[in-house]
Amino acid sequence: MNNISGRVALVTGGSRGIGAATVARLAQEGADVAFTYNQSADRAQEVVERVKAAGRRALAIQADSASADAVSSSVAQTVAEFGRLDILVNNAGTAAFGHITELSMADFEHVMNVNVRAAFVASQAAAAHLDTGGRIITIGSCAATRVTGQGYVLYSMSKTALIGLTKGLARDLGPRGITANLVHPGPIDTEMNPADSPVADENRSHVALGTYGEATDVAATVAYLAGESGRYVTGAEIAIDGGYVA
Ligand code: NDP
């Protein structure tokens with residue numbers, strides 16, 4: 001019994017991939033789930049239907065994580081709709097791969113705003129509503145701790161910043177009984193990183209298990225952290241990466 005029945009979750013970037021799998025899993029475990037999306041309105045509606053099929057309430061919010069106002073507003077909308085917030089999952093992320101000599105300030109600002117500032121803003125806004133037992137779960141990357149080639153500098157830097165965010169949140173919110181944790185996926189078969197892309201074999205070569213993971217593998221760990229099972233885990237980094245950093 002994971003005890004998230006009746007709790008309210010907000011997942012950023014829930015229209016596709018790891019976010020969509022997480023929304024579905026939290027709903028299966030009994031939570032009402034709000035989620036943001038940016039461009040994929042049709043896909044978001046499909047996710048809403050999955051939540052409803054699980055017998056839970058759903059709310060899809062169009063909110064570009066590049067906008068701090070949109071991010072904080074998505075927290076307010078969730079609380080206005082469901083009356084509370086118990087679980088925040090900072091999942092929305094973007095990748096701008098490029099060599100240090102080629103990246104622009106626009107690349108820097110976009111990646112840092114979506115991958116870092118949005119997680120900070122959402123966590124700050126959520127902290128005003130979370131009560132004892134509250135959860136902040138952020139999706140990092142195995143690239144935060146292991147960079148296997150060129151072109152990752154901006155993405156890996158943005159994901160490493162989430163380690164500091166998570167440890168700081170754990171300290172700031174621990175006295176209130178709220179946990180904060182970071183989940184580092186390895187190569188997961190999504191539209192961001194398809195298992196049949198030109199770089200997939202290179203990615204697989206770094207994985208101890210030799211295969212890509214599925215979005216549901218990450219969602220299962222988020223559900224573990226979100227529930228009673230995660231009550232004594234905070235400030236932690238958990239790799240769901242098939243041994244990518246082993
Ligand atoms: P996908 O590209 O498959 O899905 C991304 C999701 O985030 C979509 O729902 C998308 O919504 C949303 N999103 C993207 N940009 C924004 C934005 N600016 N504002 C709001 N929502 C946005 O990615 P994954 O599921 O693969 O990745 C999810 C997280 O996992 C990311 O943080 C990523 O960095 C991390 N990760 C993924 C790995 C992988 O191998 N797949 C490995 C390591 C980490 P929409 O389509 O509506 O714009």
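**Close-up views of a predicted model**

**View 1. Helix 5 and its length.** At 1.5 Å a residue, the 21 residues of helix 5 (residues 153–173) should span 30 Å, and its end C-alpha atoms do lie 30 Å apart, which agrees; the expected span is 1.5 Å times one less than the number of residues. Helices (H or I, at least four residues) and strands (E, at least two) are DSSP runs, numbered from the N terminus. The model is predicted, and local features need pLDDT of at least 70, side-chain atom pairs count only at pLDDT 80 or more, and totals for chains, interfaces and linings use all residues. Residues are numbered from 1 along each chain as its sequence is written.

View 2. The buried residues of helix 5 are L154, Y155, S158, K159, L162, T166, L169 and L173, where buried denotes 20 or more other C-beta atoms within 10 Å of a residue's own, exposed 12 or fewer, and partly exposed a count in between, with C-beta atoms placed from the backbone. Seen down the axis of helix 5, these buried residues fall within an arc of 130°, so they line one face of the helix; the arc is that of the directions from the helix axis to the C-beta atoms. The face turned away from the buried side of helix 5 carries the exposed residues G164 and R171. What covers the buried residues of helix 5 includes helix 4, strand 5 (135–139) and strand 6 (179–185).

**View 3. The largest nonpolar core.** Of the 68 residues in this core, A9, V23 and V33 touch the most other members, a nonpolar core being a set of buried Ala, Val, Leu, Ile, Met, Phe, Trp, Tyr and Cys residues joined through C-beta atoms within 7 Å. Helix 4 (residues 105–127) gives the most to this core, with nine residues. Not counting residues up to four places away in sequence, V33 touches A9, V11, V23, L26, A27, V51, R56 and A58, contact requiring C-beta atoms, placed from the backbone, within 7 Å.

**View 4. A118 in helix 4.** A118 lies in helix 4 and, with 28 C-beta neighbours inside 10 Å, counts as buried. Not counting residues up to four places away in sequence, A118 touches T12, S65, V71, A92 and N113. The C-alpha atoms of A118 and A70, 48 residues apart along the chain, are separated by 9.2 Å.

**View 5. The shell around the ligand.** The ligand is surrounded by 29 residues, of which the closest are G13, G17, N38, G93 and T190. Helix 1 (17–28) and strand 2 (32–37) each supply at least two residues of this shell, and helix 1 gives the most, with three residues.

Terms used. A residue is near a molecule or strand if its C-beta atom, placed from the backbone, lies within 6 Å of it. Two residues are in contact if their C-beta atoms, placed from the backbone, lie within 7 Å.
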